[in-house]
Amino acid sequence: MKFETIAIHSGNQVTDKHKPVVQPITLSTTFEHGNEGGILYTRANNPNRQSLEKVLAALEGGADAAAFSSGNAAGTAVFQGLEPGSHIIAPDDMYHGLRHSMVQLFAGVLEVTFVDMSNLEEVKTAIQPNTRLLWVETPSNPLLKITDIRAVSELAKARGAILACDNTFATPVFQNPLALGADIVMHSSTKYFGGHSDVLGGALVTKAVTPFWEKIKTIQQVGGAVPSPFDCYLLCRSIRTLAYRMKGHAQHAMILAEYLMNHPKVERVFYPGLKNHPGHEIAASQMTGFGGIISFTVKGGAAEADAVVSKLRFFANATSLGGVESLIERRASVEGPTTKTPQNLLRVSVGLEHTDDLLEDLDQALL
């Protein structure tokens, strides 16, 4: 099956005798012993979660998937799976929630070195004898840096380390890290998989069922940070339109990026689809589209950036991304006092509104 067909059919397992076209929601928390699926308790498994994990694994080209209650829960499960004293190499520009997980929840348990993952020499230099995990986020959040997944994969394999890639911004529509050498792919399924800003979720997909993966599955089931049947249902529903939504997001993002690049009030635009982006060539070699997220810096400081946001009509000043509606936020104000994000940087999740309306809105806000 091709991608669009997988997205529509692989997450739709109907066993109901009435043969509904859409898989019903199974809300029961417990199941009779000896049932066909071998399901005992919904924390450990559930028909809707089975369907979600099946379609996620298929879309990423993986051997298995594990669905979680949030993206942070998914990423944290990977860190939990490491032995105490393990060393992680992670991007200096990465999602702040998972960064906090690394340095706060695992302080004194795991060692972390943050480097510019777009600079292969920095990654090489950071490798230590106890390096067990290389964590890649490409494109990164919020500066949209690009990491060469193939090259970092070679470094990880030479060390016997695990390479995990946060593929949230690209989705499997535009990038397949497992095919490029990654061992595990992570998603905040709240974002593009959900696509409508109404469901929280996270996911991991593995290239192969290894002892480390079995440990992650144990963490998922025993720890219990799993999505509800209704959340799984919503995600399967939204994944059906993922391919078409992503094409619209990327098309709109390119139009807005080119507009912003030529605006006199804009200092710099960060979007890997632009040819002047330092990671454009690598992005073009490992992605089939450049996604729907743009960051740009406004000339001036935080006050000037906030003024732009306050004038917008069709861009909600809100955290998160990946919904059909456009969102914008001054990212440093969300990340807190330790952020390295420029104070005048605005991150935009480009939605599916008509681009004429979005451009007109930006035009009046940037006056």
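Predicted model: local features only at pLDDT ≥ 70, side-chain atom pairs only at ≥ 80, totals over all residues.
**Entry 1: the largest pocket**

I looked up the lining of the largest pocket and found 6 nonpolar, 8 polar and 2 charged residues. The pocket holds about 380 Å³ of space. Its lining has 16 residues, and Thr15, Thr26, Ile39, Pro47 and Gln50 come closest to the centre.

**Entry 2: the second largest pocket**

Next I turned to the second largest pocket, with about 320 Å³ of space. Which residues lie nearest its centre? I noted Tyr95, Asn141, Thr168, Ser188 and Lys191, out of 20 lining residues. Sorted by type, this lining gives 6 nonpolar, 9 polar and 5 charged residues.

**Entry 3: helix H2**

Then I followed helix H2, which runs over residues 47–60. From first C-alpha to last, its 14 residues reach 20 Å, close to the 20 Å expected at 1.5 Å a residue.

At the start of H2, a side-chain oxygen of Asn46 comes to within 2.7 Å of the backbone nitrogen of Asn48. Just after the helix, I found Gly61 with a positive phi of about 70°.

Is H2 mostly covered or uncovered? I found it mostly covered, with 10 of its 14 residues buried. Among them are Leu52, Val55, Leu56 and Leu59, but Arg49, Glu53 and Glu60 are buried as well.

Definitions and conventions: Residues numbered from 1 in each chain as written. Heavy atoms only, no water. 1 Å grid on protein atoms, 1.4 Å probe; cavity = no way out; pocket = protein on both sides within 12 Å on 5 of 7 lines; lining within 4 Å. Points joined across faces, edges and corners; volume = space filled by probe spheres on them. Nonpolar A, V, L, I, M, F, W, Y, C, P; charged D, E, K, R; others polar. Helix = DSSP H or I, 4+ residues; strand = E, 2+ residues; numbered from the N terminus. Expected span 1.5 Å × (residues − 1). Buried < 20%, exposed > 50% of the residue type's maximum accessible area, 1.4 Å probe, protein only. Polar contact = N/O pair within 3.5 Å; in protein donor to acceptor, adjacent residues only side chain to side chain.
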